[in-house]
Amino acid sequence: MSSKNKLESFTNTAEEFVSPEYIRNRFSKIMSEMYKKEVPLYGELLDLVHGINENVLSESKEIEEQLAHTGELTRLDMERHGAIRLGKPYELFTMRRLFKVMGMYSVGYYDLAPAGVPVHSTAFRAIESTALNQAPFRVFTSLLRIDLIDDAQLRNNVETILEKRQIFTEKVLQLIDKSEKEGGLNKEDAETFVLEALETFRWHDTATVDYEMYEALLNQHRLIADVVAFKGPHINHLTPRTLDIDKVQVSMEARNIPPKDNIEGPPARKCPILLRQTSFKALTEKVTFKNNVEKEEMGEHKARFGEIEQRGAALTQKGLDLYHELLGKTRKAIGGSPTAENASEYNKLLAENFKVFPDNYKELHSKELAYFHYFTTDKVKTLSKDKVYTKVDVNQLLEDGYLSIEPMVYEDFLPVSAAGIFASNLGTDDAKREYQGTSNQSLFEKDLGEPVYTLTKWYEDMQDESIQNCLAEINA
């Protein structure tokens with residue numbers, strides 16, 4: 001075949017590929033339908049969130065216009081994040097390859113061990129603003145830190161159990177290979193890929209261990225039992241995005257959906273920041289265990305719950321440092337994590353401590369506490385063309401009304417909040433556990449097979465791109 005024919009053959013094949021956004025949307029939608037069947041309360045939660053969001057948008061044109069300006073409005077009902085927990089490096093390495101087919105990449109490193117959860121984690125998501133707005137699906141993905149299991153015999157047993165399992169179907173592995181070699185998947189392959197990938201995330205009500213082993217894992221940590229004792233990493237929640245999480249919390253109680261005791265994250269604000277999360281408590285589900293003589297034995301397991309999130313402005317490192325300082329001050333004052341008994345006291349103290357954190361976008365911008373999108377205004381048509389404008393002119397252009405800003409939404413997660421959600425669903429004993437192990441991002445990245453995107457760098461790049469686009473328009 002001539003070079004020209006080879007090129008034509010490749011081009012024709014490439015033209016048949018569906019976009020990663022298409023695959024990601026299909027996967028998110030079908031997984032949501034699966035989870036709705038497995039956890040009926042999740043469907044009720046979606047209805048509740050949708051109704052509250054509609055009310056917020058109808059009552060606040062300012063919020064509607066802000067979301068429309070940043071491109072978030074059209075994605076609001078599509079927004080989901082899931083969470084899975086993996087057991088061994090091969091699973092993390094292969095999961096990275098699987099998510100890459102969907103245009104999802106590893107962003108951020110989170111060490112949850114200091115908060116009493118023996119995992120370290122990342123979030124897989126799209127990394128382009130347009131891709132995020134087209135298909136805003138994320139999966140918070142944790143890898144068990146077997147080195148934190150203090151019982152040597154149990155640690156060896158865990159390694160043996162995990163070594164024997166394969167959480168991916170043969171067909172999905174073939175399609176991952178095919179996508180990597182050819183540069184994408186056609187529509188038929190994409191549909192097969194989505195259905196095969198879904199098998200990894202499905203709930204299995206039969207454990208792969210006997211009840212005695214399950215109890216040993218459970219006594220070490222409930223999350224370890226959840227990771228190790230089953231065929232695969234069942235999705236343990238899918239999270240819709242709300243515009244008023246306080247209203248959701250109250251409404252869940254009114255609908256007899258049992259909420260966790262406290263909303264995780266910053267207090268309620270006029271200008272939301274970072275991420276606020278709540279959930280309904282984990283379901284108690286029947287599980288069949290195998291004993292040593294292959295007799296089936298019934299038991300129970302708690303893992304899956306319904307989570308809701310409200311996203312706010314992404315904070316700079318300066319903003320994050322202030323956030324952690326105020327959160328730490330509050331928790332220290334009440335003696336640790338909030339509980340059902342001190343939730344009211346904690347919330348009052350949190351709100352009081354956060355009064356020093358600016359609650360208007362102009363001040364958040366001027367003090368460089370948050371990241372923003374920049375837009376040109378109609379006034380830019382009157383701007384003098386007698387100079388080339390650069391980044392040093394941006395603040396003056398903003399002050400003079402040639403530019404406007406909107407907050408950049410925080411697309412990621414908070415380790416303390418994630419641990420709080422885990423703890424409220426795993427049990428009080430696990431919530432009080434502490435691990436002395438140190439953070440190990442280099443090992444995580446080795447197991448992953450590539451470096452993670454640094455959170456603040458990602459937002460800095462997005463903000464800079466926004467500024468450069470405005471300057472290019474002004475200087476055209």
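Which helices and strands each supply at least two residues of the lining of the second largest pocket? I found α3 (40–59), α4 (61–70), α12 (245–254) and β9 (306–311).

**Ground rules.** I'm working from a predicted model, where local features need pLDDT of at least 70, side-chain atom pairs count only at pLDDT 80 or more, and totals for chains, interfaces and linings use all residues. Residues are numbered from 1 along each chain as its sequence is written, and side-chain values use heavy atoms, with hydrogens and water left out. The element names follow DSSP runs numbered from the N terminus: helices are H or I with at least four residues, strands are E with at least two.

**The pocket.** I noted the definition: on a 1 Å grid over the protein atoms alone, a pocket is an open set of points with protein on both sides within 12 Å along at least five of seven lines, whereas a cavity is a set where a 1.4 Å probe fits but cannot get out. Lining residues have an atom within 4 Å of a point. Volume is the space filled by probe spheres set on the points, with grid points joined across faces, edges and corners. For the second largest pocket that gives about 620 Å³. I see 31 residues in its lining, and I63, L243, K270, P272 and Q310 lie nearest the centre. By class, the lining has 15 nonpolar, five polar and eleven charged residues. Here Ala, Val, Leu, Ile, Met, Phe, Trp, Tyr, Cys and Pro count as nonpolar, Asp, Glu, Lys and Arg as charged, and the others, Gly among them, as polar.

**Strand β9.** I followed β9 from the pocket lining and checked its cover. Six of its six residues are buried (under 20% relative accessible area; exposed is over 50%, partly exposed in between, with a 1.4 Å probe and protein chains only). G306, I308 and Q310 sit on one side, E307, E309 and R311 on the other, and all are buried. β9 pairs with β6 in the antiparallel sense over six bridges; two strands pair if DSSP finds at least two bridges between them. Q277 stands opposite E309 in that pairing.

**The five-stranded sheet.** Next I traced an open sheet with the order β2-β3-β4-β1-β5 and mixed pairing. β2 (105–111) and β5 stand at the edges with a single partner strand each, so one side of each has no neighbour in the sheet. The twist averages 25° from one strand to the next, using axes fitted as lines to C-alpha atoms (for helices over the stretch in contact) and angles from 0 to 180 degrees between N-to-C directions. My reminder to myself: strands of a sheet pair through backbone hydrogen bonds, either parallel or antiparallel.

Is β1 largely enclosed or left open? Seven of the seven residues of β1 (residues 80–86) are buried, so the rest of the structure largely encloses this strand. R80, G82, I84 and L86 point one way, H81, A83 and R85 the other. β1 runs parallel to β4 (residues 137–144), joined by seven bridges, and L86 has L143 as its bridge partner there. With β5 (residues 237–239), β1 runs antiparallel over three bridges, and G82 stands opposite L238. Over at the β2 end, five bridges join β2 to antiparallel β3 (residues 119–125), with D111 partnered by H120.

**Salt bridges.** I counted 27 of them, each a side-chain nitrogen of Lys or Arg within 4 Å of a carboxyl oxygen of Asp or Glu. D226 and R85 form one, with the closest N and O atoms 2.9 Å apart. This pair ties helix α11 (residues 222–228) to β1, 141 residues apart, and both D226 and R85 are buried.

D246 and R276 meet at 2.8 Å, N to O. They link α12 to β6 (residues 275–280), 30 residues apart. D246 is partly exposed at 30% relative accessible area, while R276 is buried at 9%. I also listed a network of salt bridges linking R75, R138, E309, R311 and E411.
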